[in-house]
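Open the model in your viewer and keep the sequence panel beside it. Select each stop as it comes up.

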Amino acid sequence: MEESLVAGQRPIAGGRGLVAERRERKKRQTRAALVRAALELFDAKGYERTAVREITDAVDVSERTFFRYFASKEDLAVSFARDWSDTMLAALAARPAGEEPLTAMRAAFRESLLTLAVHKGTDAGAPPYLLVTRLIDSTPSLLAQHLRYVHDRDEEIVGLLAAREGVNPDADPRPRVLAAVFGGLVFLATRAWRTEGSTTAEQMLAAFDRYADELTPALFGHWGAGASAV
C-alpha cells in the first residue's frame, strides 16, 4: 500500500512543478508586457503625461498587478538598467579565471547584452534599450536615478574584478579604474548607437568594440601626424 501511495503521489508532485513553472513564466511575460507597453507609451506621449492606468489598460491587467512588479513609473523606467546589471555581473562572475580583466569585461558585456536581446524580444519593434536610453536622456529625474543606480552597482563590479585578480580594492585602485573606464566606454558606445539610428544589439556591440579597440592607442603614445617627431 505504501508503494502504491508513493507511486500515486509522483504525478501530483510533477503536476505541481509544472503549475509552478507556468506561473513563473506567466509572471515573466506579464512583467515584460508591462515594460514594453510603458516604454512605448512613454515614447509616444512622454513620460510625465503617461499614467499607470494607461500602462495597465494596454496590457489588460489591474493597477494592483502593476505594483506587484514595480514601485512606480520611475522604477519601471529604469528596470532595464537593473536587468542589465544583474545579467552583466552574472556573466562576469562566470568568465574563465585565466582571462585578463578587460577581456573578461568585454566578453561579459557582449554576453549580457545578447542575452537581454533574446529574452526581451528585441526583434519585434524598437528594442527596449533604445526606448529606455531615449527616455532617460530626455527625463532629468530618470537620468539622476539611473546614474545613481549605475554608480551603486559599480562597487559590485569592482569587487568581482578584485576577487578575480586576487587584489584588495581598498588598497589597489586598478579595479576601480577599469570599472570607471568600462562605464565610459559603454556611455560612448550607447551615445553613438543612438545618434546613428541603430536598433539592434549587434550594432550596439559593434559601437562598443570601436571604442574599446581605441583604448590602448588613446592611452599610450601621441595621436597626431607628428607623433614620430623628436
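**Stop 1: two helices side by side**

Select helix 5 (residues 79-93) and helix 8 (residues 140-165): their axes come within 11 Å and cross at roughly 5°. Helix 5 is therefore roughly parallel to helix 8. Angles under 35 degrees count as roughly parallel. Axes are lines fitted to C-alpha atoms, for helices over the stretch in contact, with angles from 0 to 180 degrees between N-to-C directions. Helices are DSSP runs (H or I, at least four residues), and strands are E runs of at least two, numbered from the N terminus.

Now show the side chains. From helix 5, the contact uses Ala-81, Arg-82, Ser-85, Asp-86, Leu-89, Leu-92 and Ala-93. From helix 8, it uses His-146, Tyr-149, Arg-153, Glu-156, Ile-157, Leu-160, Leu-161 and Arg-164. Contact means heavy atoms within 4.5 Å. Colour these residues by type: 8 are nonpolar, 2 polar and 5 charged. Here Ala, Val, Leu, Ile, Met, Phe, Trp, Tyr, Cys and Pro count as nonpolar, Asp, Glu, Lys and Arg as charged, and the others, Gly among them, as polar.

A note on the model: it is predicted, local features need pLDDT of at least 70, side-chain atom pairs count only at pLDDT 80 or more, and totals for chains, interfaces and linings use all residues. Residues are numbered from 1 along each chain as its sequence is written, and side-chain values use heavy atoms, leaving out hydrogens and water.

**Stop 2: Tyr-149**

Stay on helix 8, where Tyr-149 is found. Which residues does Tyr-149 touch, not counting those up to four places away in sequence? They are Ala-81, Arg-82 and Ser-85. The C-alpha atoms of Tyr-149 and Ala-81 are 8.1 Å apart, though 68 residues separate them along the chain.

**Stop 3: the core**

Select Phe-42, Leu-76, Met-105, Phe-109, Phe-182 and Phe-208. These have the most contacts inside the largest nonpolar core, which has 48 residues. Such a core is a set of buried Ala, Val, Leu, Ile, Met, Phe, Trp, Tyr and Cys residues joined through side-chain atoms within 4.5 Å. Centre on Phe-182. Leaving aside neighbours within four places in sequence, Phe-182 contacts Trp-84, Met-88, Met-105, Phe-109 and Phe-208.

**Stop 4: Arg-194**

Move to helix 9 (residues 174-195) and pick Arg-194. Arg-194 counts as partly exposed because its relative accessibility is 27%. Buried means under 20% relative accessible area, exposed over 50%, partly exposed in between (1.4 Å probe, protein chains only).

**Last stop: the whole chain**

Zoom out. The protein chain has 11 helices and 0 strands. Of its 230 residues, 36% count as buried.

Note on methods:
Parallel < 35°, antiparallel > 145°, perpendicular 65-115°, else oblique.
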